[in-house]
Amino acid sequence: MRVLLVEDFELLRESAAQGLREAGYAVDAAADGEEGLWYAQSNPYDVLILDLMLPRLDGLTLLKKLREKNAQTHVLILTARDAPDDRVRGLDAGADDYLVKPFVFAELLARVRALVRRKYQVKSPVIRVADLEVDTSARRARRGGQAIELSPREYVFLEFLAARAGQVVTRTEIWDHLYDFNCESDSNVVDVFIAHLRKKIEGPGRARLIHTRRGHGYLLGEEG
Amino acid sequence: MHSVRRRLLLGAAVSVAAVLAALGVVLFASVRAWLVAEFDRGLLAQAQALAAATEVDHEGLKADFEGGQPAEFLGGREAQYFELWAGDKPAVRSASLGRHDLPFVPAGPRRPAYRSVTLPDGRPGRQISLSVRPHLDDKEGPVQGAVPPADVTLLVARDTAHLAAALARLSWLLGGACGSAVLACLGLMAWAVGHGLRPVSAIAARIERVGRRDLTDRLLSAGVPRELLPIVQRLNEMLERVESAFARERAFSADVAHELRTPLAGLEAALEVCSSRPRQPQEYHRTLGQCLTTVRQMHAMVDNLLVLARAEAGGLAVSRNTFSLPELIDESWRPFGERAAARGLRVTRTDTAGPITTDRDKLRIVLHNLFDNATSYADPGGQVRIELARRNGTINLTVANTGTRLSAEQAKSVFDRFWRGDASRTDTGAHCGLGLSISKELIEKLGGAIAVDSTEAGEFVARVTLPQSRPPRECE
């Protein structure tokens, strides 16, 4: 899942970005409102983490501009102002959630996960596809009751496919949602990860779950 | 506690009682004088009748009544008295006197004399002394003692019981009338005062309601009497000031919270993320370094807030030292030289020599803030200008930098706490927008002034004027 973080305080921006990356998210970070708006408009982010007091363009204006363009990104506002008025204004401007600084980082991660679930209209933190279980809160996968060892990147791939189970997911979509701007554009990378994932999930004696739709993309499901 | 109502009533009661009492006394005295005069007239008529009956015959001086002395002079409970004195000797007495004498009071040659006396039977009475000229009666023989005594005095006295009773009745009447008048006045006054004070009670009730919920309440001036209007207006002005002071304080607390929360959030996130898994030593080292920088920025901000709070509360002691200002400028500039060089800033300086006497440490804080702003906000490759001039015992210090243009509105708020050129805040942490507020407080404490403006060309200029030597008495 891809997250945009707009925050002007460097220490917070860098630490949060690092923490999110380590949690498996593709993260882009912007230090001011205008840069943030540019990023937000050029990519379909799953979650936008937005500070309100930003240089050049404040967070609320950024959010309004984004919503005017009908952007579907889920927005988590991050701010030091905690008066009810501020929260109301933030939510009314189109935010989905609100977190007051300072915060516990684990809570930020949990809220981001919740927003991702909402984005893919998954209510339960555990996604089930046939005998495959993807636990989005523990970030683990099991098949037929057996735990599958996955690297963080592999897990992210699986979670993205699982969130859209039964639908064809294109390479571009995978690229847009699982890679940040710093990654070299190379669609082979996607194929390589899918191959790794297949090996771990399907293995010998197990039914196929990841199907390739030639010319389109991939599909996670029992039978395509 | 004083009560206006009680004071008004008490004052009114005392005044009314005093006026009525004076009136009563005057009335009583005049009625009494009139009654006594009437009584005396009666006494005179009686005396004149007796005088007509006074004669001198062969037996000497006597009062000649047909058929003896009238009944009232014979004695009894309501006896009256007369006595004729020849010269200074009593000659004829009324039967009622027995062997007593009336106290002799000489009469005037023309006018009778009156006096209040105690009658022989102890009753209070009034007596007239009338000089009489008895006529001679020689029908029954030659008159003895040659000529009738030239100085025969007739004394007539009778009791004043009726007069006293009338006066007593009058005094009761007057006293009662005055008393009831005072009571009636008191009642009327109580009603009038209550009525008159009703607007005051109404305003008191309104004031009591104001500010219970919030400070935006105001007293309505409609229907307020003219005398109380200034009170209502002053109260409203006061409420206005209180409200804006509260709003300022609230905004300030919110600003402080914001300025401290963001770096705190950064620290918390950095430490939490860093400790979430084992890392390489250089990663720890980098995170610790970043955290330390943030903690130092927070430390500086808290120090600044403390200086500001002390300066505003007036609790900042000002000392006096005599030193060279150019040297202090050198010293204060040193930490910023590197930044200026890194940003390619051109720095120009003009100094005039000469000592200054003021608080060196406070001035250093001001210079630090001004240099920090100039080197931070100047455009890369721009210019920083530091000028020192001296005129008529005043020192003018100018610190200017290119690359900052202020609107007229912005120029007004540069000294506000937490104000920054960019309304949506730049450089959280590094600049918290307190420098100019603190500088202004300190410079004013030192007896100087600070002003800023910006030129069309985009040069931001801060001008400080300071007295060359601050008189010691103002240093407190």
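Which residue follows H8(B), and is its phi positive or negative? Gly447(B) follows H8(B), and the phi of Gly447(B) is positive, near 85 degrees. Helices (H or I, at least four residues) and strands (E, at least two) are DSSP runs, numbered from the N terminus.

The model is a predicted one, in which local features need pLDDT of at least 70 and side-chain atom pairs count only at pLDDT 80 or more, while totals for chains, interfaces and linings use all residues. Residues are numbered from 1 along each chain as its sequence is written, and chains are lettered from A and ligands numbered from 1 in the order in which they are written.

Consider helix H8 of chain B, residues 435-445. Nine of its 11 residues are buried, so the helix is largely enclosed by the rest of the structure. A residue is buried if 20 or more other C-beta atoms, placed from the backbone, lie within 10 Å of its own, exposed if 12 or fewer, and partly exposed in between. Among the buried residues of H8(B) are Leu436(B), Ile438(B) and Leu442(B). The buried residues pack against helices H4 (281-313) and H6 (360-377) and strands E14 (449-454) and E15 (459-467) of chain B. Contact here requires C-beta atoms, placed from the backbone, within 7 Å.

E14 and E15 belong to an open sheet of five strands in chain B, ordered E10-E12-E13-E15-E14, with mixed pairing. Strands E10 (346-350) and E14 of chain B stand at the edges with a single partner strand each, so one side of each has no neighbour in the sheet. From one strand to the next, the twist averages 10 degrees. Two strands pair if DSSP finds at least two bridges between them. E14(B) and E15(B) run antiparallel and are joined by six bridges; Val452(B) has Ala462(B) in E15(B) as its bridge partner.

Chain A contains eight helices and 12 strands, and 42% of its 224 residues are buried. Strand E8 of chain A, residues 140-143, has Ala141(A) and Arg143(A) on a covered face and Arg140(A) and Arg142(A) on an uncovered one. In a regular strand the side chains alternate between the two faces of the sheet.

E8(A) pairs with strand E7 (residues 132-135) of chain A in the antiparallel sense over four bridges, and Leu132(A) stands opposite Arg143(A). Four residues separate E7(A) and E8(A) in their hairpin, and Arg139(A) in the turn has a positive phi of about 55 degrees. E8(A) is also joined by three bridges to strand E9 (residues 146-148) of chain A, again antiparallel. Here the hairpin has two residues between the strands, and Gly144(A) takes a positive phi near 55 degrees.

Terms used
Two residues are in contact if their C-beta atoms, placed from the backbone, lie within 7 Å. Axes are lines fitted to C-alpha atoms, for helices over the stretch in contact, and angles run from 0 to 180 degrees between N-to-C directions.
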